[in-house]
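Please keep the structure in view while reading the numbered points.

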Amino acid sequence: MSIATNLNSIQSSLPDNVHLVAVSKTKPIESILEAYHAGHHIFGENKVQEMVDKYHKLPKDIEWHMIGHLQRNKVKYMVEFVSLIHGVDNYKLLMEINKQAQKHRRVINCLLQIKIAKEDSKFGMTVHEASEILKKYKIDDLHNVNITGVMGMATFTDDEKQIQEEFEYLKSTFDVLNTRYPELEIISMGMSGDYQLAIDCGSNMVRIGSSIFGARNYTV
Ligand SMILES: *Cc1c(COP(=O)(O)O)cnc(C)c1O
């Protein structure tokens with residue numbers, strides 16, 4: 001199956017309100033171009049350096065999403081072009097994104113990463129911390145960042161019931177925050193193996209890599 005075929009069959013199976021982020025991490029420029037020429041313009045990367053390299057080599061109307069864990073000292077390399085940062089998990093990071101975005105007179109959209117997985121290895125915050133961050137960024141008037149929703153990663157497991165519970169937890173976290181902050185709109189959850197379940201649980205942004213581009217040579 002070609003990348004274009006995979007992409008089109010996934011895209012056509014998604015409800016209209018669901019955004020597709022094609023996760024191109026570890027994949028070469030040619031593969032991204034193939035998806036681009038098939039009409040897809042939203043790509044996700046999890047490493048800043050890799051995303052910057054690809055940005056310079058590819059058409060400038062691509063929307064780049066940073067989906068990985070982000071260190072504060074790396075923010076400056078991508079603020080010029082990144083369009084959505086999925087993994088904001090602390091206030092200091094948000095302040096740094098704001099500061100760097102200001103230098104480029106940009107407003108950068110961000111998602112708060114919520115810890116939904118039971119396993120300890122996953123990053124993210126509690127609903128209480130998310131609510132505190134939303135409150136604080138309004139008070140501090142961080143003009144150059146815009147929190148538009150939440151993101152979560154389920155436990156890596158075959159137990160579908162557990163994954164469903166974790167997705168439902170993210171949806172309910174979103175609903176709680178959304179009552180106070182009606183401008184929130186994005187729920188980023190679901191990957192190749194579980195995106196249909198994620199959509200059933202309320203996802204409106206799925207991040208799909210291997211089902212589009214094929215298996216990666218190493219897991220990241
Ligand atoms: C790699 C990755 C994905 C995509 O995973 P696939 O299983 O290849 O679809 C989605 N989200 C994040 C945060 C990732 O790092």
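1. Does Lys 161 count as buried or exposed? At 57% relative accessibility, Lys 161 counts as exposed; here buried means under 20% relative accessible area, exposed over 50%, and partly exposed in between, with a 1.4 Å probe and protein chains only.

2. This is a predicted model, in which local features need pLDDT of at least 70 and side-chain atom pairs count only at pLDDT 80 or more, while totals for chains, interfaces and linings use all residues. Residues are numbered from 1 along each chain as its sequence is written, and side-chain values use heavy atoms, with hydrogens and water left out.

3. Lys 161 forms a salt bridge with Glu 165 (3.3 Å, N to O); the term denotes a side-chain nitrogen of Lys or Arg within 4 Å of a carboxyl oxygen of Asp or Glu. The two residues are four apart in helix α6, so about one helical turn separates them. Helices (H or I, at least four residues) and strands (E, at least two) are DSSP runs, numbered from the N terminus. By the salt-bridge rule, the count comes to nine.

4. Glu 165 also meets Lys 118 in a salt bridge (3.6 Å, N to O). Lys 118 lies in the loop between β5 (108–113) and α5 (127–139), and Glu 165 in helix α6 (residues 160–180), so this pair ties together parts that are 47 residues apart in sequence. Lys 118 is exposed, at 55% relative accessible area, whereas Glu 165 is partly exposed at 37%.

5. A salt bridge also joins Glu 183 and Lys 138 (2.6 Å, N to O). This pair links distant parts of the chain, 45 residues apart: Glu 183 is in the loop between α6 and β7 (186–188), and Lys 138 is in helix α5.

6. Asp 89 is located in the loop between β4 (84–88) and α4 (91–103). Asp 89 is buried yet has no salt bridge, and the nearest side chain of opposite charge, Arg 72, is 8.6 Å away. For charge, Lys and Arg count as positive and Asp and Glu as negative; His and the chain ends are not counted.
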